[in-house]
Amino acid sequence: MSDALDVSLRLVKAQTALVRRFDSRLGSLFGVSLADFLVLLHLGRAEGGRMRRVDLAGALGLTASGVTRGLAPLERIGLVEREADARDARVAYAALTDAGRERLADALKAAEQVAADVFAAPEWTTADLAALTALLTRLGGTGLPEDHGTGAA
């Protein structure tokens with residue numbers, strides 16, 4: 001097996017383990033998955049707590065139909081709502097509800113704790129995290145969206 005394939009498979013396995021940890025904590029405490037949390041986080045960081053559905057799909061790396069499927073359960077439980085554009089009926093927004101903002105604030109604290117547990121010292125140093133961040137960025141990994149004053153940070 002090539003080194004490139006070996007490191008790729010290790011990265012996939014590590015990603016799976018991380019998703020499992022986040023899903024477990026977020027699901028047991030707040031009834032949301034990591035994927036749900038990422039939707040809420042992007043909306044929470046967006047101007048006005050809302051995004052065009054097509055832009056949300058791009059930010060999450062999903063297709064338009066994939067984001068629609070992901071939003072449906074969040075809409076059903078009242079965390080997200082669909083908003084029409086007053087100027088263009090073809091444009092639809094996904095917007096956080098007040099309940100969605102509250103759930104995001106609580107889930108963000110839990111997600112921060114999961115991340116802190118995963119990358120706890122002494123196994124991980126500040127230099128390790130900086131190096132890993134740089135390497136993941138080279139692979140196309142991006143950080144959190146900017147906080148536009150919604151308090152989601």
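This is a predicted model: local features need pLDDT of at least 70, side-chain atom pairs count only at pLDDT 80 or more; totals for chains, interfaces and linings use all residues.
Local features need pLDDT of at least 70, side-chain atom pairs count only at pLDDT 80 or more, and totals for chains, interfaces and linings use all residues. Residues are numbered from 1 along each chain as its sequence is written, and side-chain values use heavy atoms, with hydrogens and water left out.

**Stop 1**

Helices (H or I, at least four residues) and strands (E, at least two) are DSSP runs, numbered from the N terminus. The 3 strands make an open, antiparallel sheet in the order 1-3-2. On average, neighbouring strands are turned by 30 degrees against each other, direction ignored. Strands of a sheet pair through backbone hydrogen bonds, either parallel or antiparallel. Now pick Arg82: which residue in strand 3 stands opposite? The residue is Ala94.

**Stop 2**

Show helix 3, residues 53-60. Helix 3 lies across strand 1, strand 2 and strand 3, and runs at about 95 degrees to strand 1. Axes are lines fitted to C-alpha atoms, for helices over the stretch in contact (heavy atoms within 4.5 Å), and angles run from 0 to 180 degrees between N-to-C directions.

**Stop 3: salt bridges**

A salt bridge is a side-chain nitrogen of Lys or Arg within 4 Å of a carboxyl oxygen of Asp or Glu. By this rule there are 6 salt bridges, and the tour visits some of them.

Glu75 is in helix 4 (residues 64-76), 22 residues from Arg53. Is Arg53 buried or exposed? Arg53 is buried, at 9% relative accessibility, while Glu75 is partly exposed at 27%. Buried means under 20% relative accessible area, exposed over 50%, partly exposed in between (1.4 Å probe, protein chains only).

Next, select Arg25 and Asp117, whose side chains meet in a salt bridge (3.5 Å, N to O). Arg25 lies in helix 1 (residues 3-30) and Asp117 in helix 5 (residues 98-118), so the pair ties together parts 92 residues apart in sequence.

Finally, select Asp88 and Arg90, another salt bridge at 3.0 Å, N to O. Arg90 is exposed, with a relative accessible area of 76%, and Asp88 is partly exposed, with 22%.

Definitions and conventions
Two strands pair if DSSP finds at least two bridges between them.
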